[in-house]
Amino acid sequence: MKNAIASFVFGCAAALSATAYAAGDMSNMNMASGAQQSADAKSSMSHGEVKKVDTATGKLTIKHGPLENLGMEGMTMAFKVKDPAMLSQVKVGDKIDFVAEEVNGALTVTKLQKQ
């Protein structure tokens, strides 16, 4: 009986110490929600250069660096624009900052600023 009680006490002590260790000091952890992190990534601007303005299709061809929010490496590609007025704000050769997001299955420039 003594062995059973001792085993039980030892087991409880081990479980409690493991729980306390797992809780530990979390002061250095980023506790922002996944939604907040996603919103921050979406709002971060990417950098690029306008290679083509196609008003007929409503697209911009941009040579860009990494698109962190989309997990894409740098490349040159065409994007739809959220607002057709964006096409008149830029010309070929302009350096831009922009945000691209997937909208209805198409990569779309949702924010645009000339550098």
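Author: Let's begin with K52, whose bridge partner in strand 2 is T61. Strands here are DSSP E runs of at least two residues, helices are H or I runs of at least four, and both are numbered from the N terminus. One caveat: this is a predicted model, so local features need pLDDT of at least 70, side-chain atom pairs count only at pLDDT 80 or more, and totals for chains, interfaces and linings use all residues. Residues are numbered from 1 along each chain as its sequence is written, and side-chain values use heavy atoms, with hydrogens and water left out.

Reader: OK. In what sense do strand 1 and strand 2 pair, and over how many bridges?
Author: They pair in the antiparallel sense, over 6 bridges. Two strands count as paired if DSSP finds at least two bridges between them. Elsewhere, D54 stands opposite K59 in strand 2.

Reader: What about the hairpin of strand 1 and strand 2, how many residues sit between the strands?
Author: There are 4 residues between the strands, and in that hairpin G58 takes a positive phi near 70°.

Reader: And how many bridges join strand 1 to strand 4?
Author: 4 bridges, and those two strands run antiparallel. G48, for instance, stands opposite I96 in strand 4.

Reader: In what order do the strands close into a barrel?
Author: 5 strands close up in the order 1-2-3-5-4, with mixed pairing. The twist averages 55° from one strand to the next; for such angles, axes are lines fitted to C-alpha atoms (for helices, over the stretch in contact), and the angles run from 0 to 180 degrees between N-to-C directions.

Reader: Switching to the core. Which residues have the most contacts inside the largest nonpolar core?
Author: L60, I62, F79, I96, F98, V109 and L112, in a core of 15 residues. Strand 2 (59–64), strand 3, strand 4 and strand 5 are the elements that give it two or more residues. A nonpolar core means a set of buried Ala, Val, Leu, Ile, Met, Phe, Trp, Tyr and Cys residues joined through side-chain atoms within 4.5 Å. Buried is under 20% relative accessible area, exposed is over 50%, and partly exposed is in between (1.4 Å probe, protein chains only).

Reader: What does L112 touch?
Author: Not counting residues up to four places away in sequence, L112 touches L60, M86, Q89, V90, I96, D97 and F98. A contact is heavy atoms within 4.5 Å.

Reader: And L107, where is that found?
Author: L107 is in strand 5. At a relative accessible area of 22%, L107 is partly exposed. Among the residues L107 touches, again leaving out those up to four places away in sequence, are L70, M72, M77 and F79. L107 and K82 are 25 residues apart in sequence, with 9.8 Å between their C-alpha atoms.

Reader: Charges next. How many salt bridges does a search of the whole structure find?
Author: It finds 4, a salt bridge being a side-chain nitrogen of Lys or Arg within 4 Å of a carboxyl oxygen of Asp or Glu. One of them pairs E49 with K95, with the closest N and O atoms 3.2 Å apart. E49 lies in strand 1 (residues 46–54) and K95 in strand 4 (residues 95–103), so this pair ties together parts that are 46 residues apart in sequence.

Reader: Is E49 buried or exposed?
Author: Buried, at 19% relative accessibility. K95 is partly exposed, at 45%.

Reader: Which side chains does D94 meet in salt bridges?
Author: K91, at 3.2 Å from N to O, and K114, at 3.6 Å from N to O.

Reader: How accessible are D94, K91 and K114?
Author: D94 counts as buried at 9% relative accessibility, K91 is exposed at 52%, and K114 is partly exposed at 47%.

Reader: Last one, where is the place of S44?
Author: S44 is in the loop between helix 2 (34–43) and strand 1. Leaving aside neighbours within four places in sequence, S44 is in contact with F98 and V99.
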